[in-house]
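Hi everyone, thanks for coming.

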Amino acid sequence: MTGAAQKPVDFATGALPAAFWLRSAAFFIDADPETGAMIPSAARISRWLERFDDWYKLTIGCERTDRLHLLYHRDVTLVGARFLTHVPQIIEIAETAARCGVGFSLTVPLDEAMADEDAMMRIVGAKAVSTLAISVEGDDEAPDREQLARILQGVVAAKQHIAFLGPYDAISRLGLLDVDGVSSAQITVHPKDGAGPPAISQTPVNACFSRLRIYADVTGELYPCLGLVGVPGARLGAIDDAIEDTVFGGAPYALDIDALARRGPALTGKAPE
C-alpha cells in the first residue's frame with residue numbers, strides 16, 4: 001500500500017458504515033517504571049472515550065431508529081498485565097464506558113486473581129465490568145479450592161458475565177467449572193489448544209471485520225488493527241488529540257477501512273508509509 005492516495009475516510013455512509021468497524025477499542029497499558037502509575041492514565045483514556053463516543057453517535061446518526069443496530073456490541077478492553085494494581089483506575093474507565101453505553105471487559109490471569117483476592121473482589125463489587133475473563137495456562141498449579149470458590153461465586157452473585165480462556169484440559173483440571181453456581185451462570189469458555197503451532201491458513205487473505213477495532217498503544221497512538229500497531233501510515237491519531245485533528249475528523253488516510261473489513265488487505269507485501 002506504499003504510495004496509496006490519501007483521502008478522508010467516509011465513516012457515515014451505508015447500512016454498516018466504516019465507523020461501525022471501529023466501534024470498539026483496546027488499550028495497551030503499562031506501569032510507569034518510576035512511579036508505578038498506570039500509563040496511559042485512566043483520566044486520559046476516559047476523556048478519549050467520551051470524545052469518541054460523542055463523535056461515533058453523531059457520525060452514525062443514532063437518533064434514527066434504522067441506525068440503532070450500530071450501537072450494539074461496542075466494547076472497551078484493557079491489554080496488559082498486573083491490572084489488579086490499578087483497581088481505582090480500572091473502575092474509573094469501566095464507569096466511563098458504562099455512561100457511554102459501551103461494554104467493558106477485563107482479562108485477569110488466574111494466578112493474579114488468587115494472589116490479590118481483595119483487589120479482584122473490589123472490581124467485582126463495583127459492578128462496572130460487563131465481562132470478567134479469567135485466563136489459565138496448561139502448567140498452572142491447582143488453586144486453593146475455598147478461595148477459588150469465593151472469587152467465582154462473588155462474580156456470579158454480582159451477575160457479571162464470566163469467561164474462561166485457556167486449554168480446556170487446564171480449565172477442567174483446575175476445577176473452574178466445578179464451583180457451585182458457576183455452571184448455571186452466564187459463562188463463556190474460550191478453549192485453546194496449546195499443542196504445537198497454529199495451522200497455516202489455506203486462505204491467507206480474509207475479511208478483517210472481526211479483527212478491526214481501535215488499538216491504543218501505551219503512548220496513546222491509535223491504530224485500526226492489532227497487526228498495524230506501530231505502522232506509521234496506519235496511525236489514526238492519538239488519544240490526546242482533538243477528534244477534528246485525527247482521521248475520525250477528516251484527516252487524510254491511506255487505508256480503506258471499509259475494504260479491509262469486507263475483503264481484507266491487498267497482497268502487496270507492503271505496509272502503508
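Predicted model: local features only at pLDDT ≥ 70, side-chain atom pairs only at ≥ 80, totals over all residues.

Residues are numbered from 1 along each chain as its sequence is written, and side-chain values use heavy atoms, with hydrogens and water left out.

Most residues other than glycine have a negative phi, and most peptide bonds are trans. Now look at Pro40, in the loop between strand 3 (38-39) and helix 2. The bond joining Ile39 and Pro40 is a cis peptide bond, with omega about -10°. Then there's Lys127, which sits in the loop between helix 5 (117-126) and strand 6. Lys127 isn't a glycine, yet its phi is positive, about 55°.

Next up, the sheet. What is the order of the strands in the open sheet of nine? Reading across, we get 8-7-6-5-4-1-9-10-11, with mixed pairing; two strands pair if DSSP finds at least two bridges between them. Strand 8 and strand 11 (237-238) are at the edges with a single partner strand each, so one side of each has no neighbour in the sheet. Strand 11 runs antiparallel to strand 10 (residues 221-223), and two bridges join them. Leu222 has Gly237 in strand 11 as its bridge partner.

Over to helix 2. Helix 2 lies across strand 1 (25-28), strand 4, strand 9 (214-216), strand 10 and strand 11, and runs at about 165° to strand 1. Axes here are lines fitted to C-alpha atoms, for helices over the stretch in contact, and angles run from 0 to 180 degrees between N-to-C directions. How do helix 2 and helix 3 (residues 87-99) cross? Their axes come within 9 Å and cross at roughly 5°. That makes helix 2 roughly parallel to helix 3 (angles under 35 degrees count as roughly parallel). Contact means heavy atoms within 4.5 Å, and residues of helix 2 including Ile45 and Leu49 meet residues of helix 3, among them Ile93 and Thr96.

On a 1 Å grid over the protein atoms alone, a cavity is a set of points where a 1.4 Å probe fits but cannot get out, and a pocket is an open set with protein on both sides within 12 Å along at least five of seven lines; lining residues have an atom within 4 Å of a point. Grid points are joined across faces, edges and corners, and a volume is the space filled by probe spheres set on the points.

The whole structure has one cavity of 30 Å³ or more. The largest cavity holds about 80 Å³, and 13 residues line it, with Arg23, Leu49, Phe52, Val76 and Val102 nearest its centre. Helix 2 gives the largest share of that lining, four residues.

The largest pocket holds about 570 Å³. Its lining has 21 residues, and Asp75, Thr77, Ser105, Thr107 and Thr131 lie nearest the centre. Strand 4, strand 5 (103-109), strand 6 (131-135), strand 7 (161-166) and strand 8 (187-191) each supply at least two lining residues.

Conventions:
Parallel < 35°, antiparallel > 145°, perpendicular 65-115°, else oblique.
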